[in-house]
Structure formats: C-alpha cells, structure tokens
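Please look at the sequence and the structure shown here, and then read the short report that follows.

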Amino acid sequence: RRSPLRTMSWTPWPRLVFALHGVATAAWYDGIASIRVFSPAQQEDAQSFLDHHYQTYKQDEFSIHRQAILLTRGDYGDLAFQVPFYTSVMGVGDDPSAVYVESFNVESRLPWQ
C-alpha cells in the first residue's frame with residue numbers, strides 16, 4: 001500500500017507564484033544596454049535615439065558595438081531613420097502590418113566611399 005505523499009506529484013508553481021506575488025517584475029530586456037524598445041507614444045524619443053545612434057556608429061564597421069531596436073505595434077507616423085552597421089530594427093507585432101514606419105535607409109556601401 002502506497003502512502004498519499006508518494007502518489008502526489010510535486011510542482012514548484014505554487015511556491016513560484018508566492019515568491020513573485022507583490023514583486024514588480026522587469027521586462028526581459030531591462031538592463032541590457034544593447035536593446036532599446038520603443039512604442040508609438042515614444043516617437044520623439046525614438047527619433048532622437050536613432051539619429052544619434054546613426055551618427056555615432058555609421059562608420060563603425062568591424063566594431064564590437066551591437067544594437068537591437070524593437071518597435072512595438074502601432075503607427076510611428078513620420079519616423080524616418082538610417083540604420084548603421086550591426087544594428088537590427090524589428091517590428092514587434094502579431095504580423096508585419098502591425099508596425100508602420102514611414103521610411104528607413106540601410107546604406108549598401110560604406111559611408112566613406
């Protein structure tokens with residue numbers, strides 16, 4: 001005859017929920033300097049960051065600097081920007097039409113040529 005404790009399966013979930021109850025959790029990308037996330041409400045901040053980022057890294061081929069720009073779903077109006085080396089820009093939505101950007105440019109040749 002088995003004891004009731006041996007027939008029950010153990011799961012960590014109740015303890016995990018208890019541990020997280022009342023604690024503000026950060027987004028997965030918080031604290032990662034190379035990841036920036038913008039929403040349509042932050043269009044001016046996004047434009048300023050993207051302009052500065054391009055000017056800083058436009059000739060940084062073969063550098064160690066990497067950047068991921070994530071745009072959450074929505075319409076970014078007249079947001080227009082250039083993409084320097086080692087920068088990824090991604091729309092984060094349910095499908096490609098969930099994020100609208102006016103224009104962006106990726107140079108096909110080196111800026112100093």
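Is Tyr-86 buried, partly exposed or exposed? Tyr-86 is partly exposed, because its relative accessibility is 33%, where buried means under 20% relative accessible area, exposed over 50% and partly exposed in between, with a 1.4 Å probe and protein chains only.

## Basis of the report

This is a predicted model, in which local features need pLDDT of at least 70 and side-chain atom pairs count only at pLDDT 80 or more, while totals for chains, interfaces and linings use all residues. Residues are numbered from 1 along each chain as its sequence is written, and side-chain values use heavy atoms, with hydrogens and water left out.

## Aromatic pairs

Rings of Phe, Tyr and Trp (its six-membered ring) pair if their centres lie within 6.5 Å, and the planes count as stacked under 30 degrees apart, edge-to-face over 60 and tilted for the rest. By this rule there are three aromatic pairs, among them the tilted pair of Phe-38 and Phe-49, with 5.8 Å centre to centre and 45 degrees between the planes. Phe-38 is buried at a relative accessible area of 3%, and Phe-49 is buried at 17%. Phe-85 and Tyr-86 also form a tilted pair, with 6.4 Å between the centres and 45 degrees between the planes.

## Charges over rings

A charge sits over a ring if NZ of Lys or CZ of Arg is within 6 Å of the ring centre and within 35 degrees of the ring normal. Arg-36 lies over the face of Phe-49, at 4.3 Å from the ring centre, whereas Arg-66 lies over the face of Tyr-86, at 3.8 Å from the ring centre.
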